[in-house]
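Subject: Structure for your review

Dear colleague,

Please find below the structure that I am handing over to you, with its sequence. My findings follow directly after it.

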Amino acid sequence: MFYRLMKMIVGPVLRLFFRPWVEGEEHIPDRGPAILASNHLSFSDSFFLPVVVPRRITFLAKSDYFTGRGVKGRLTAAFFKGVGQLPVDRTGGRASEAALNAGLKVLHEEHLFGIYPEGTRSPDGRLYRGKTGIARLALESHAPVIPVAMIDTEKIQPPGKIVPKVMRVGIKVGEPLDFSRYEGMEDDRFILRAITDEIMYALMELSGQEYVDVYAADAKKRIDEARKQAAKAADETADAAEPDAGAGPAPNDESGGSGRPAA
């Protein structure tokens, strides 16, 4: 109920201001389970895709959105729960297993399930290595994987920008990927990696992004560390360039400190 209400309220606003275009929507089935595997450029990705797809899509959302404190935190949690998002713990292990089981439940109920194989937003607009959870999900659910490329959504509200930029964004939907040939190989990590890489290749082809074979979370850490080091170096350079306010004029043996040559 709340999901439909949000589409009725938010959908027209997004269509009016951002005029999202879509290609390949015929690849999304009218009924039955399917996994929508999308690149992840912006927080807004989870809003634009449901706007252009008539069927309900359930996404995994980071658990931080469900555990915030204060008025803002409670409103955020209520919103994500209301639109049917499922919390995922990024720490891995049993927490991630529980999130994937929740995804299986959605697919077993014949619904659409949206997932970002990169695990987090791209820090620089490039496409990063996918996590193999999506491969396990595909094999255990027997659902097709439909690659979805979000186009230009990262330009709407870059990190640190509060007011979003009004511009047109796009969505490209690729042909379904069938991995039934790997049935029964859910525990083979090499198979899981091969499936995941095939999905990421399809996303790279659709989006036109440069592919980087490292995890986005690791790339974020490196970028943040580089920024900290650059800021530290800039501060040290600025400190070194500042004159010592407590120091007097440099002594001059010939002029006696007058600044004029001796007679």
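Of the 263 residues of the protein, 39% count as buried. Please bear in mind that this is a predicted model. Its secondary structure comes to 7 helices and 9 strands. Among the contacts between residues at least 6 apart in sequence, 78% join residues at least 24 apart.

I turn next to the nonpolar cores. The largest one has 24 residues, and Ile35, Val145, Phe179, Ile195 and Ile199 touch the most other members. At least two residues of this core come from each of β2, α4 (94-108), β5 (112-115), α5 (133-141) and α6 (189-207). Apart from this core lies another, of 23 residues, which includes Ile28, Val51, Leu112 and Val148. Which residues does isoleucine 195 touch, not counting residues up to four places away in sequence? They are Ala135, Leu139, Phe179 and Tyr182.

The buried residues are Asp45, Ser46, Phe48, Leu49, Pro50, Val51 and Val52. One of them, Val51, is also a member of the core of 23 residues.

The loop between β2 (34-38) and α2 (45-52) holds histidine 40. Is histidine 40 buried or exposed? Its relative accessible area is 10%, and because buried means under 20%, histidine 40 counts as buried. Leaving aside its neighbours within four places in sequence, histidine 40 is in contact with Asp45, Tyr116, Glu118, Thr120, Arg121 and Ser122. Among these, Asp45 is one of the buried residues of α2. A polar atom of the side chain of histidine 40 also lies 3.4 Å from the backbone oxygen of serine 42.

Aspartate 187, in the loop between β8 and α6, gives a contrasting case. Its relative accessible area is 79%, and exposed means over 50%, so aspartate 187 counts as exposed. How far apart are aspartate 187 and arginine 136 in space, C-alpha to C-alpha? The distance is 8.2 Å, although the two are 51 residues apart in sequence.

A search of the whole structure finds 2 cavities of 30 Å³ or more. The second largest cavity holds about 50 Å³ of space. Its lining is made up of Glu97, Leu100, Asn101, Leu104, Gly133, Arg136, Leu137 and Glu140. Both α4 and α5 supply at least two residues each to this lining.

Yours sincerely,
A colleague

Methods. Residues are numbered from 1 along each chain as its sequence is written. This is a predicted model: local features need pLDDT of at least 70, side-chain atom pairs count only at pLDDT 80 or more; totals for chains, interfaces and linings use all residues. Side-chain values use heavy atoms; hydrogens and water are left out. Helices (H or I, at least four residues) and strands (E, at least two) are DSSP runs, numbered from the N terminus. Buried means under 20% relative accessible area, exposed over 50%, partly exposed in between (1.4 Å probe, protein chains only). A polar contact is a pair of N or O atoms within 3.5 Å; within protein, one must be able to donate a hydrogen and the other to accept it, and residues adjacent in sequence count only if both atoms are side-chain atoms. Contact means heavy atoms within 4.5 Å. A nonpolar core is a set of buried Ala, Val, Leu, Ile, Met, Phe, Trp, Tyr and Cys residues joined through side-chain atoms within 4.5 Å. On a 1 Å grid over the protein atoms alone, a cavity is a set of points where a 1.4 Å probe fits but cannot get out, and a pocket is an open set with protein on both sides within 12 Å along at least five of seven lines; lining residues have an atom within 4 Å of a point. Grid points are joined across faces, edges and corners, and a volume is the space filled by probe spheres set on the points.
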